[in-house]
Amino acid sequence: MNTRKKLRELISRGGYTMAPGAYDPLTARLVQLAGFEAVYVTGGGISRSQGYPDMGLLTMTENVQVLARVVDAVDIPVIADMDTGYGIAVNVVRAMREYDRTGVAGFHIEDQVAPKKCGHYEGKAVVGVGEMVGKIKALVDARPDADMVIIARSDARAIEGLQAAIDRVNAYLEAGADVGFVEAPKSVEELAAIPPSLKGPALVNIFEGGKTPPLPATQLEAMGFKLGIYPSQTHRAAIRAAQEVLAVLKRDGDTAAIENRLATFNDRETAVNSSWWREREAKYLQSGT
């Protein structure tokens, strides 16, 4: 089964699927090795890994390059971030073609005004419902593979209120999106109201430090959410770990005091699948003798 069909299967089956965030191929590999069934490549994570805030500063080309390498590194479905589609409806047609070539299983697109901001920043603005409906229809018509999953996100909660955001997402689902995503609900009650109000499967974004309560997966599943993305946990862990080891190195001149907390040489080799590559190196070198 290809990864697009697999993602559709995960959405349609009973239960809740967690997709931890990755920002490069290595973190995507770690998500797979941890046993998760899908991985989410966060646009904010890609931006921050390049030293930029999540403010729509990277181009489509820069994001697509990372997505293609991530897809090549893992065997599980990759859910991508298309931001606002990089422009108007004709731009999303081009974006669909480029995202399709990467091999991602699905992506979400949002109704913010470009350039977008992190869904949990202040100062967001949204386009009109009609403009976003047009983008969704353009994506559906331009989709080369009918199994590619289109996730429609609305950031209108912060501007127009929860019900308006739900209404927007339902309009996007009616336009052909496969999954609905109301960004940044502000309470447990708001979270619980979303799945039964949507005309399709619901996705939730668990972003610690943001506006949405970070509830456990069991509670989100009970509410009716089908997918959960966890964009920032791996990146926050990597930043803190790097800060700690650099502080010890600066203080001591070596990392002996923290060595038991670092990945081993073998841990690192497993993370990048070295044994697979070495097996092929040996096989094909022998073939040439």
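**Close-up views of a predicted model**

View 1. Asp83 has a relative accessible area of 8% and, because buried means under 20%, Asp83 counts as buried. The model shown here and in the other views is predicted. Asp83 sits in the loop between β3 (78-81) and α5. The phi of Asp83 is positive, about 50°, although Asp83 is not a glycine. Most residues other than glycine have a negative phi.

**View 2. Asn273, a partly exposed residue with positive phi.** Asn273 lies in the loop between α12 (265-271) and α13 (274-287). Its phi is also positive, at about 60°, and Asn273 is not a glycine. The relative accessibility of Asn273 is 27%, so Asn273 counts as partly exposed.

**View 3. Thr59, in the loop between α3 and α4.** The loop that holds Thr59 runs between α3 (43-49) and α4 (60-73). Thr59 has 40% relative accessibility and therefore counts as partly exposed. Ser47 is 12 residues from Thr59 in sequence, and the C-alpha atoms of the two residues are 9.9 Å apart.

**View 4. Helix α6 and its cover.** Helix α6 spans residues 129-142, 14 residues in total. From first C-alpha to last, α6 reaches 20 Å, close to the 20 Å expected at 1.5 Å a residue. The buried residues of α6 are Met132, Val133, Lys135, Ile136, Ala138, Leu139 and Ala142. An α-helix has 3.6 residues a turn, so residues three or four places apart point the same way.

**View 5. The whole protein, for context.** The protein has 13 helices and 8 strands. The C-alpha atoms fill a box of roughly 60 × 50 × 35 Å along the principal axes. Of the 289 residues, 48% count as buried. The accessible surface comes to about 13,500 Å², and carbon and sulfur atoms account for 54% of this surface. Among contacts between residues at least 6 apart in sequence, 71% join residues at least 24 apart.

Key. Residues numbered from 1 in each chain as written. Predicted model: local features only at pLDDT ≥ 70, side-chain atom pairs only at ≥ 80, totals over all residues. Heavy atoms only, no water. Helix = DSSP H or I, 4+ residues; strand = E, 2+ residues; numbered from the N terminus. Expected span 1.5 Å × (residues − 1). Buried < 20%, exposed > 50% of the residue type's maximum accessible area, 1.4 Å probe, protein only. Contact = heavy atoms within 4.5 Å. Areas by Shrake-Rupley, 256 points an atom, 1.4 Å probe, with all protein chains shown as cover.
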